[in-house]
Amino acid sequence: MFAYGRSNFTWNGTLRELQGSWTERRGPAMTASASSSSGLEVLLSALQNGGDVESTLNILNVLDELLSAGTDRRIHYMISKGGSEALLVALVNAGRSFSPNYTILLPLLHLLAKVGHRDRRIGVKAEEAGAVLLTLNLLRHNAQHGSRAAACLWAIQVFCSSVSTANLIGANHGLDVIYGLIPQYSTKHLHTIKAAIDAFAALLCTKANVSSVVSKGYVSGLLRLYEDWYSKGSEHVAICHALLRCLHKVTHITAGRQAVLSQGGIRLLYETTQTCLLSKGLEPLVELSVQLMRKCLPKTPLPLTSDQSAYTFPLPGGPHAVPETDAEPDESSDESDDDDAEDKPEADYDDDLETDLNKLRLRPDPDRPKELLPQYSHLCPELSHDFQELDLSSEPDESSTASSSSSSDEEAVRLNSFPFRCSRWDRRRSTVHSDSETEAKGHTAAVGQLEARDFHSHSSLLSTSPRFRTMVREARGKALPGQRGDEQDDEEVDAEESHHRTMIDKLLERHGACIPHHDPRLYRAAAAKTTSIPGFSILAFPDFWGHLPPPGHEPMAPRKPNVQRQKVFEDVRRFLNADDIIDQVVFDLEDSSLQCPSDALRFFSKFECGNLRKAVQVRRYEYDLILNADANSNQHTQWFYFEVSNMVADVPYRFNVINCEKSNSQFNYGMQPVLYSVREALEGRPHWLRTGTEICYFRNHFCPARGRKRTTFYTLTFTITFKHNEDVCYVAYHYPHTYSALKAHLKVLQKSVDPAKVFFQQQTLCGTLAGNWCPVVTITACPASRGWRDMHQLRNRPCIVLTGRVHPGESNASWMMKGTLEFLCSSDPVAQSLREAFVFKLIPMLNPDGVINGTNRCDLNSEDLNRQWSKPDPVLSPTIYHAKGFLYYLNSIGRTPLVFCDYHGHSRKKNVFLYGCSVKETLWQSGSVVNTAGLKEDPGYRTIPKTLDRLAPAFSFNSCNYLVEKSRSATARVVVWREMGVLRSYTMESTHNGCDQGIYKGLQTGTRELQEMGVKFCHSLLSLTKDMKALYSRRINHIDVDHNVLDHKSHNCFEDDEPPCVEEIEYSTDCPALKGTDLDSDVNSNMASSDEEDEGNEGHRRARHGRGSVGQLQHLSMKSRLFPHPMRQASSEALGEKRNGVGMNGQIIS
Ligand SMILES: [Zn+2]
């Protein structure tokens, strides 16, 4: 215990005790010591009560020592003990006097800045203490006095953490005072200048202050200041940075952005960044400048006459059924689905979990009367089939007739099997479809024509490109180039069609790739029966010709550093120098008469799954592409598939898809679009290949053409260098898989199976809105005999129901389904076991109309069909209504599926994974108070994912979850689980990109891997065949051998999360927050320059701190030296003496 000097300040402990109390933040000692207040509280109270100068200085010194030695925890402790208030009271006491004592005020202000920066309520406290305007006044009086002004400015800066305080200062002309302290380039008072700019930026946290700054014309001044300081080189990067922060704040309001724009801000920023890039020291300015430019680029409406899809379809039920199109999209929805969960912050996600035990456990009432269920009995043909063909042994004609009867007569099935539909369905057909029926007849009549015109889109190419023509002729093997003349001359215009037909047939004969399970002629026939809104009459070559996965794997594309920055610069140049901008529409889905320049690329998308609405040539080798919204809707743009031709080889073409809607994309993480070259295909390489360089995905400055508000678009940009001149190429978001391809594939499969072994039957679940058929396929093993035993076994096989492609943009689902279908029809022994164990019911495409018309998300009624499962509308969502009805039917006859899985694609995650449903896991994850101890849940839902993790290289168990979200309560997975009681009800999500684990790590998935996944899913089902143990053990060996090679999967759960994008910070347009340590080092450096008398002595300061620029000073230690050395030493000594010579350093500073 000691008393210090003549003051009334008594210290009743040691400094060590004081420090001890400091660190025991929440220790019981703190609260228990109510009788004797802590050393800190004594110090603070002494500070407020005001003593003489010496003792106050000493207290400040002690406080500063303590605060500087430790971490922020000490400061927060001091704040909790009223430290901010004590400092503010001391400030007001000292500052109020007629001639304030700056010996005290300066360290006080410095300490206040440091503490205040960590006190969220400092603004309010300062206002209450009357310190705000007092500080502003002190600033006014010390405008010419560098160190004092700086100290006031830092205090003001921290006070502005409160909006009302910032407004108070603004209303008292604080903005003008501070703005006046920011001079053009100078070598003096650099700290003060930096402090002024920082304080100015802090004041701009309120709309009122920003508006005031804009209306006073300060924006222009800020830009000129930036230009001036910038021109003096990298020494002043910190000041430049602070000025950019001011501009950022200003551009939070429209008027601010307009001011920056009208004052030439974008050009200034663009030009300065170009030189920044040359100097490493200026690098920190680039990021802020780029964000600022992106923020200020004027909003540009998409060059469309309407945001509505170019494809509209009259819905049954009259015009009211057409959805409200100008309604503002729900920002929060972000079209979230199973594949979009990661978009939501964790807290929101947990909020979304279903915690109502009743909703989790009790089945709701069926959505339809029982009488409606028997209509689905025909979808279980294996139950009624008599397998007479087994007795007739090998008579393939008989058996194939049996199994193909219904598929060849879809019409009969439709008319005979859905009596209930006669009312609504047929009325609809007779009214709404009367036109399309006529159309359909015309369509059928036009089949011959269609076949001839199949290659219309590139037949023009054949005639305009001599090289291509030569190549085709050689391919036909019909004529040598020398004989070309005769043939050409003989051709009549009206013979052109038959010529094309012959040509295609010849091409197929000689060069048709031997693609397993693909037959171009079957494809053409299937496509002829496919009904589309625009009435497609042209086939895309890749779908017709077929695709083979390329040999070898395709690694993810490396991302060049700063590629996005470069693309933004190119976009800004578009705005600044209009000279090289062409801006010519070269393709318009709605204007087929459009003439495009002969040297421009040609685009086309009017074919199945095609999606490109408009192409605009921006520069010689750059095109903006605009996607068509989902039919009958004005949104959901993401999927694309188009034809491009008339290219020059070896020239990089830049493509910008400018109206993407998802907020981030795997295109930022190594994913590439796919490309198919007709020329390559004709030369024997019919491959969709991952293609494109300089790929990135970022928010752009486009806005909807009209009507829709608050919509943000994103640009996907990629560059393609074509291999051949005047080739015809196709570019897509992901490997296309059309509805016609599915139909042709099912035909091929049906022909491929041995009917004596495999029971394969394709039927129609129902018709779609546009009048296409939704196929349902039954696959199982034929019984060994017609004996009772075998037939009984057949009729008691559990059902596995697999569905897919409810979301048309997720074509990966179709490729997985293709793998599943082919495997189940194969002679593989595992497949045979599975067929003997189960009856498979597959609905490979739940949304045929969406797929056909190139939509991304919806059906023709502009609804997400995977949100309709709770109460599907029989007219508007027929496929879901009948799929659910069929599941109800299975339920009603005691054949509830053992497994249900809906195949999907995921645009923002890597790997393949499952989502399932678990009551317990949902309750645990949600932190629900429901006691789950007594809750019984079969853990069997984990068997398949666990098995897949072992078997399937693309599969990631760590990405799976089994949570039931409220927002997903109407999805297939949740409804089938809850309403049908299917324990193993899943969504299988497959990445559009690739894998970040296992043997495919770093590779993009191709169709081979997707099909393999479909196969592995089947393999995993073997793990459920417990009652067939013998069989299982025999087969599992087969699998084990097969997969030992794959057994080096990594199980690093940290790989689940997407690594931050290299340029993530530029991805947003936010201004980074100022770090607390930056302020500390600024404050500390102010005192480092001995004392205030040093004002004019910049040279001295520079000598002490290297070149003396603020930038360098920022990196000084956080350890404070608020007091000039001599004084610090003196006070320490005094303190030490009083403590009987006990050294301070070892005790105070740990
Ligand atoms: Zn999906």
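This is a predicted model: local features need pLDDT of at least 70, side-chain atom pairs count only at pLDDT 80 or more; totals for chains, interfaces and linings use all residues.
The protein has 1150 residues, and buried residues account for 59% of them. Its secondary structure comprises 53 helices and 24 strands. If contacts between residues at least 6 apart in sequence are taken, 80% of them join residues at least 24 apart.

One part of the fold to examine in detail is an open sheet of seven strands, whose order is 17-18-20-19-21-23-22 and whose pairing is mixed. Strand 17 (758-767) and strand 22 (912-915) are the edge strands; each has a single partner strand, so one side of each lacks a neighbour in the sheet. From one strand to the next, the twist averages 20 degrees. Strands of a sheet pair through backbone hydrogen bonds, in either the parallel or the antiparallel sense. Both senses can be followed at strand 23. With strand 21, strand 23 (residues 984-991) pairs in the parallel sense over eight bridges. Valine 899 has arginine 984 of strand 23 as its bridge partner, and glycine 905 is partnered by serine 990 in strand 23. With strand 22, strand 23 pairs in the antiparallel sense over four bridges; leucine 914 has methionine 988 of strand 23 as its bridge partner.

Helices accompany this sheet. Helix 46 (residues 1007-1021) packs on the sheet and touches strand 19, strand 20, strand 21, strand 22 and strand 23. The direction of helix 46 makes about 160 degrees with that of strand 21. Helix 40 (residues 829-837) lies across strand 17, strand 18 (773-781) and strand 20 (839-843), and runs at about 100 degrees to strand 18.

Eight of its eight residues are buried, so strand 23 is largely enclosed by the rest of the structure. In a regular strand, side chains alternate between the two faces of the sheet. Both faces of strand 23 are covered: one side carries Arg984, Tyr986, Met988 and Ser990, the other Ser985, Thr987, Glu989 and Thr991, and all are buried. Glutamate 989, located in strand 23, has a relative accessible area of 0% and is thus buried. In an unreviewed UniProt entry, the annotation "active site" covers Glu989.

Glutamate 810 belongs to the loop between strand 19 (799-804) and helix 39 (811-824), while histidine 904 belongs to strand 21 (residues 899-906), so the pair ties together parts that are 94 residues apart in sequence. Glutamate 810 and histidine 904 are both buried. For four tetrahedral donors the ideal angle is 109.5 degrees.

In helix 5 (residues 72-80), the buried residues are Arg74, Ile75, Tyr77, Met78 and Ile79. An α-helix has 3.6 residues a turn, so residues three or four places apart point the same way. Just after helix 5, glycine 82 adopts a positive phi of about 85 degrees.

Positive phi values also occur in residues other than glycine, including asparagine 632 and serine 862. Asparagine 632 has a phi of about 65 degrees and sits in the loop between strand 8 (622-626) and strand 9 (641-645). With a relative accessible area of 3%, asparagine 632 is buried. For serine 862, phi is near 55 degrees. Serine 862, at 15% relative accessibility, counts as buried, because buried means under 20% relative accessible area.

Methods
Residues are numbered from 1 along each chain as its sequence is written. Side-chain values use heavy atoms; hydrogens and water are left out. Helices (H or I, at least four residues) and strands (E, at least two) are DSSP runs, numbered from the N terminus. Buried means under 20% relative accessible area, exposed over 50%, partly exposed in between (1.4 Å probe, protein chains only). Two strands pair if DSSP finds at least two bridges between them. Axes are lines fitted to C-alpha atoms, for helices over the stretch in contact, and angles run from 0 to 180 degrees between N-to-C directions. Contact means heavy atoms within 4.5 Å. UniProt positions are given in the numbering used here, feature names are shortened, and annotations may be inferred rather than shown by experiment.
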